[in-house]
Amino acid sequence: MRNIFSLLASALLILSISSCGKSFLEKTNPNAVRVDVGYTTEANITTGLYGVYQALRTANCIGEGAQLWTDDRADDVNTTDNQSNNGEPFQFSAFSLVPGNSYLLSHWTALYAPISRANVILNAIDTVTFANNATKTQYVAELKFIRALLYFNLVREFGDVPLTTEKLSTIQQTTALTFREKKEKVYAQIVADLKDAVSSNLPVVQSTANKGRVSLQAANGLLGQVYLTMATTLADNKIDNLNNAKTYLLACYNQKTFTNLSDIPFADVFDVTKKSTNAEIIFQIVYKQGDATYGSSLAKNNQAKGETINSMFASQTAGGLFTKDLQNEFEAGDLRTAYSIKFAPAVNGWFITKFRDNSAGATKDGYGGNDWILMRYADIILNLAEVYLYLGDNATAATYLNMVRARAQRPDYATMIATDATYKARYPTLKLAILHERRVELAFEHHRWHDLTRFFTAQELVDYFRAKNQADFDNSPLTNITTKDYYFPIPLAEHNLNPETMYQNDGYTQ
Amino acid sequence: MVMATPVLAQTSKVTGTVTDSKGQPLPAVSVQDKKTSKTVMTDESGKFSIDAGANSTLIFSYTGFTKQEVGVLNHSVIDVKLEDDAKTMDEVYVGYQRLRKSDVTGAISSVKASELNLSTPTISQALVGKVAGVQVAQVSGAPYGGAKIRVRGIGSINASSEPLYVIDGYALGAMVGQQGTGTNNSSQGQGNGGNATNGYNAAASGNDIFLNPDDIESIEILKDAASAAIYGSRASGGVVLITTKRGKTGKGKLTYDFQLGSQSLAKKVKLLNAGQFTDLFVNGRNANYKDILISKGVAWDDAFYSDDNNTRLAKSGQTATNCSVCIIKDLYDFPTQKIIAPKYNTDWQDVLYDNALVTRHNLTFSGGNNGVRYLVSGGYLDQPGILNSTYQKRINLRTNIDADVSPKLKLSSSVFITNTDNREVQEGRFNQGPILGALVYMPVFPAFNPDGSLAMSYANAGAQFDGFSYAFQGIENPLALAQRVKITRKGIRTTANTSATYEIIKNLSFKVNIGAQSYKEKYEYYFPTNLSNGINPPGSSQSVLAANAAAQNLDIQDRLAEYTLNYNKQFGKHSFNALAGYTAQQTTTDVVAVAAKDFTNDLVQEITAVGSTPGDFSIQSNTGKSVTTLVSYLGRLVYSYDRRYSLTGSFRTDASSRFGPQNRWGKFGSVSAGWAVSNESFYKDWLGAGPTLKLRASWGLTGNNNIPNYKYEQDVTGVGGAVFGNTVYTGSWSGGIIDPTLGWESTSQYNFGADITTLNNRLSIIANYYISRSYNLLYSRNISAISGGTNAAITNNGTVSSTPVGVLTNLRNSNIHNTGFDLQVDYKAVQTKDFNLSVSGNITANKNKVVSLGGASEIQVAGAERSYITNITREGDPVGSFYGVKVAGMVRQGDMDNVNADWAVYKANGNKFPPGYKLKAFPVSTYSTTPLNPGDLYFKDSNGDGLITDADKGIIGTPYAKFTYGFNLSMNYRFIDFSASFNGSYGNQIIDGQDYYIRNMEGSGNQYAVIDQRYRSEAQPGNGHEYRSSRGGSQSNSTRLSDYYLQDGSFFRCTNITIGANLGMLGVTKKLGLAGLRWYAGVDNAFTVTKYLGYNPEVDFNNGSNLTPGIDYGKYPLVRSFNTGVMVTF
């Protein structure tokens, strides 16, 4: 009964509260701070910056699980289940992607999340006083790098995309910017952001404790890759773009802290104990060993039943699968073959072993410490080979190609062409040889789809796929691919916002 | 009526007897000498004795009866007969005050306790089929579930259409959910809808807050906007006013009720038996094997059907851990290609469901004298569920006191306490909920081991057979799931309400009402290590890793203050009734929800057994506080002239803390008029003997504010970690953009009605027709991802699919129309001394149409499994119409040459047809990557481009009934009474989301029995409707959502039959010293006539969501209950 009296007594209080009128009605969220007061100090801005980095980690964005939009889409990995999840993931590998695919929408949204977070912090940072102004300029460079990185992914996967560098706060403002900007303009913004980054006070190499943050190496490397892609995918300024690509890729290359790539054993690149000190790794998303939330699950997920090479985790599945087509690509005797893939007798199939952490620290639950490498020197070196190839300097191009082959203890390009008939038949041009090298060197690192769309035009891509052997592709019919598949469709929900300004990519119905 | 005997003395003793109109003595009537104010009460036999002056006057008063003044006039004996107070009998509670029925000009349905089906455990269920214009659907048979109530169609898309509940004048405050979102009165948590899985959702069914149905005096439902407008921004879904019983002046009366019920599954779903299932299983595996080999370019030979599992693996490229071409060797003789009869034939529904014995006790003590009336009641309900392990145990306590402190001052107070103790079960997908599990789980597996323990992990590891894993649905013994996953909810709700009414001057009274409600709840969830995890058996490292627990504390404090002035005046033929009021209400909610994982065993099934890593313990996203406030001014004026014309106007203005500062105050109101035609002098007996005819017309404007709190400010809401080096750093980010002009949504409604009684009051008809328009719809409008918003995630297999990014706003210029009529007929067919028979019926029809979405894109929603679109909301069609492609027919062997010819052209032209190409066979589905086969479905190509794409989708059906109806029959012969109630729905359809698993022809789980009539071959073409069987590979074409998956949702149900006997009339009762004794027996949900294949055609998987109505998916099945009980009055 006392309980009830106190209830009623508290109700009487409402008399006095409600008479205050305005304050009785104006309630703000007790669990969160308003965005305009949330980013007003250096400390808050710092958490905001970390929030931008956090957005990169998801599988829908560019984290370690982002396989569906990259390797599944390409010829390396195949989703064969067309029943689960209504067959939606299957659409990526079967080239039957429809605009209404909800995974595609998630991907699109996740690519924009770091961009909009970065825009909010960039908008707020100007008015905030930092203890040391150098910190502020570094933050700005990091934010612009990340914004550029995500727009680079968007423009490569979707073509023209909405472009905003503003902090949005109203529906009207957002609606006004909901239109597809020409890809040239998107590239111009990417270049502008990255030029700011390369001329900033970012450290050349991040310290061990700061691994995972943007460095000058990364900014130069990315800008070079952007120019290279612009050179092969945009109609104009091809030579200028190639020269710029050369400039920045070389700038990145010259910032390396090792002498020869061969000095760094291939296995070391993926060695969890060396991930923060390995000189080859330029930019990575860091995963924390033994941590259920921040650990990597690649080693565990890829592991097949009955195996222990990847992880202490006892898998019951077939593990990380890939196509027969990719398996055929691995040269016999290539040390990368043995490191990257393995046959599992228990499931009578091959699985991915490139990412391993079977140490006790990762526990039997498989919380690996594998960092997700977004950029490393083998990638940059092969990009340089590409640039020299397009500039007509095949000799220099082959030099760079051979650096990567040398580390894998494979004969150089000239030797292979001269002595290996199979190699020569499969990769009759230097261009195809570079593409082959990238496929093997960077297998399962989510580069393949972007490589294919950079190396080939839409029609070339279709021809390239159709020339392959269906038997190497399980249930995904190769005949499905058409020129429309060069780009993803604009997600239906985004297209519907304004069918005119958010026009659909060619070849997609609705 | 007074009879008196004269006396002579100046002051003398006056005695007499007070009786009611039937001559029954009335005890505890107050008898007052008007001159001296001396008061006595009548005794048990209605007798009184008072010393009174010869010229004095005695006042006889008794609640519920008209006060009578009798002059003593020298009489020594005065016998008085008091008349029932017709005024109070004829009053209706309309919100904030009672009005004479004759003055009511809106559409209000009133249900008395005697009309309710009181053998049901909740009030909402007791209302099923009783009220015209109000759809009460029994959507769950869970012991802790209730019914879904919808008043007059759907006028909203995002906000809830749940009506507002007002209990004894206390409007329930802002509802709870994730920080005040949603509309539920108890919380959601892990395992019941709180973590992106769809389980039992308290939001849908707890809103009558488990009042004891035995405590109900009457229920009024304000249906039209004019009546509801007095509740302003919360009234768009209609208002349910619940009035509970109160004490009456008189000797204390003790009543004891006892009810015993036996509950069982109301309907068993017809599924394949083990033999039929084996046939499907073998058939599907072989078909898939063939499909795969053909697509690999292998020349098929029927001899391959004899390939053993290892050969099948090698040829198809599948893995032993997930083999969809392998066949259990106990079920198939490979060399002869013959099926082997299965060893087990388990009926999983029999395993999961039991009879449940429900007991209910109820004790009420009430009475009153000296101006104080009281009622105390206590109830206890022990209700086990038919699903093994579930239950609700409930205690209801209620006390109320009414006191006439002085002729001017009246006090009234009530206290309710409801204590609930639930064991719940997760619903929805089979791997989470046993309900769908019992339909999907393979009948060829045993439920128990020979030693009586649960047989586990049969579907997964396959180790029991030959070590292969057969790509069955990842599922565990449903009984184990029900018993081992522990979900409990313990809640205590205390409501206290006190009001004082003071008559300032004659006809003008002032009322203060102070109320408070407190609800505290503990919700707990435990998922054990001893259930299998995917293909990993119980106790495996993966299963141990999957074990987790959650605990959640909820605290809601609601406070209400209401001040009203009431003025009543009658002069001549004019009558006025004016009400003015001010109310303030504040609801605070506080949720703390935590989750724990890394359990090593099941010895301690609490969050305290959490693992040692810091990440093992986490705060759930619904943790948080919120405050919602509402301030309102309201007024109502009722004027009537000569009981012929009446006019009502009402006004309310609400300010809610939920709305943006730019749009905080909403104005609502109504005007209505009534014309009692039958009171006109020109009106003769037009409609039979002793008729009344009243015509009514009204317009009203109401609002809906059922949205989350703080949606008008952009907050830094995101918290997560980024890792640099080896350290995790906390990051933050802001949520998406917001709309600072956010406000309520509005519904404007016209109502036209007629009330007719005739045949000397034996026939009464109430009819209403309404037109309503809802606008400024609250909607999470799609917006580009550039806004930084996130999309609601649907997590599947590691990757996350999702819904579009949205921003909660009002769609200006939006418009949803509802029109409809409802008709209520009551007929007292026979009225004699010994035999009475009455019938009543009601019918309701509503048409819903989205006229405009105010510029928002059409809304497509996946309402059942994962991401396939089931419902669409777009201009020109009803909200949440079923959306998909239409089946045009089934491919037969004879079509194959043409099918193959088309396919070749299609492939050769880069997956399209060249311009002008004329199809030889059927349109090619772009959803499918393999060509059609005999027994596959093909679809209607509505745009004629030869391809089946999203452009060919359209409205394929409606979740809304053409009409719903109910009727009741009651009769009594002397002391025996009998009643029967029925309800039904006609013309609506259902998408059975369960079909995704139990009608997919895969043989990866059990199927509806009708699948036995599928296409097998040209020799065995089946019923022409069920397509061919295949486990994967080629079926993506047939499993797209099409009208194949639509089912007729019409039904006719007998909700209750009761027979009772009033033994109080028998001498034996009186000998026992009892004032009354009643015995009854009955059955709830006696039978349902429907074509629907699932458990219950009243489906509501999405818990009242407006955008995805008509979807079924693993909900708790309905129960049939045989009840018997006694009611004893002392």
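Reply:

B:Ser109 is buried, since its relative accessible area is 9%, where buried means under 20% relative accessible area, exposed means over 50% and partly exposed lies in between, worked out with a 1.4 Å probe on the protein chains only. This is a predicted model, in which local features need pLDDT of at least 70 and side-chain atom pairs count only at pLDDT 80 or more, while totals for chains, interfaces and linings use all residues. Residues are numbered from 1 along each chain as its sequence is written, chains are lettered from A and ligands numbered from 1 in the order in which they are written, and side-chain values use heavy atoms, with hydrogens and water left out.

The residue B:Ser109 belongs to strand 11 of chain B, which covers residues 108–112; helices (H or I, at least four residues) and strands (E, at least two) are DSSP runs numbered from the N terminus. Once its neighbours within four places in sequence are set aside, B:Ser109 is in contact with B:Val131 and B:Ala132, and also with B:Ile219, B:Glu220, B:Ile221 and B:Lys223, contact meaning heavy atoms within 4.5 Å. Between the C-alpha atoms of B:Ser109 and B:Pro528, which are 419 residues apart along the chain, the separation is 49 Å.

B:Asn513 sits in strand 26 of chain B, residues 508–527, and counts as buried because its relative accessibility is 6%. Apart from neighbours within four places in sequence, B:Asn513 is in contact with B:Gly169, B:Asn497, B:Thr498, B:Ser499, B:Leu560, B:Ala561 and B:Glu562. B:Ser412, found in strand 24 of chain B (residues 409–424), touches B:Arg246, B:Ile401, B:Asp402, B:Asn497, B:Thr498 and B:Ser499, when residues up to four places away in sequence are not counted. The C-alpha atoms of B:Ser412 and B:Val372 are 9.7 Å from each other, although 40 residues separate the two along the chain.

Two loops of chain B hold residues whose backbone angle deserves a remark. Most residues other than glycine have a negative phi. B:Ser389, in the loop between strand 22 (372–384) and strand 23 (391–404) of chain B, has a positive phi near 100 degrees without being a glycine. B:Asn776, in the loop between strand 37 (763–775) and strand 38 (777–782) of chain B, is likewise no glycine and has a positive phi of about 50 degrees; B:Asn776 is also buried, as its relative accessible area is 17%.

A cavity is, on a 1 Å grid over the protein atoms alone, a set of points where a 1.4 Å probe fits but cannot get out, and its lining residues have an atom within 4 Å of a point. Grid points are joined across faces, edges and corners, and a volume is the space filled by probe spheres set on the points. There are 41 lining residues, and those nearest the centre are B:Gln135, B:Pro959, B:Tyr960, B:Ala961 and B:Thr964. Strand 43 of chain B gives the most to this lining, with 5 residues, and the lining as a whole divides into 17 nonpolar, 19 polar and 5 charged residues, where Ala, Val, Leu, Ile, Met, Phe, Trp, Tyr, Cys and Pro count as nonpolar, Asp, Glu, Lys and Arg as charged, and the others, Gly among them, as polar.

The second largest cavity contains about 380 Å³ of space, and of its 29 lining residues, A:Arg156, A:Leu374, A:His446, A:His447 and A:His450 are the closest to the centre. Helix 7 of chain A supplies the largest share of that lining, 5 residues, and by class the lining has 13 nonpolar, 9 polar and 7 charged residues.

Chain A is divided into domain 1 (1–200 + 462–510), domain 2 (203–286 + 377–455) and domain 3 (287–370), with bounds that come from an automatic or database domain assignment. The C-alpha centres of domain 1 and domain 3 of chain A lie 30 Å apart, and 10 residues of domain 1 of chain A are in contact with 13 residues of domain 3 of chain A.

Notes
On a 1 Å grid over the protein atoms alone, a cavity is a set of points where a 1.4 Å probe fits but cannot get out, and a pocket is an open set with protein on both sides within 12 Å along at least five of seven lines; lining residues have an atom within 4 Å of a point.
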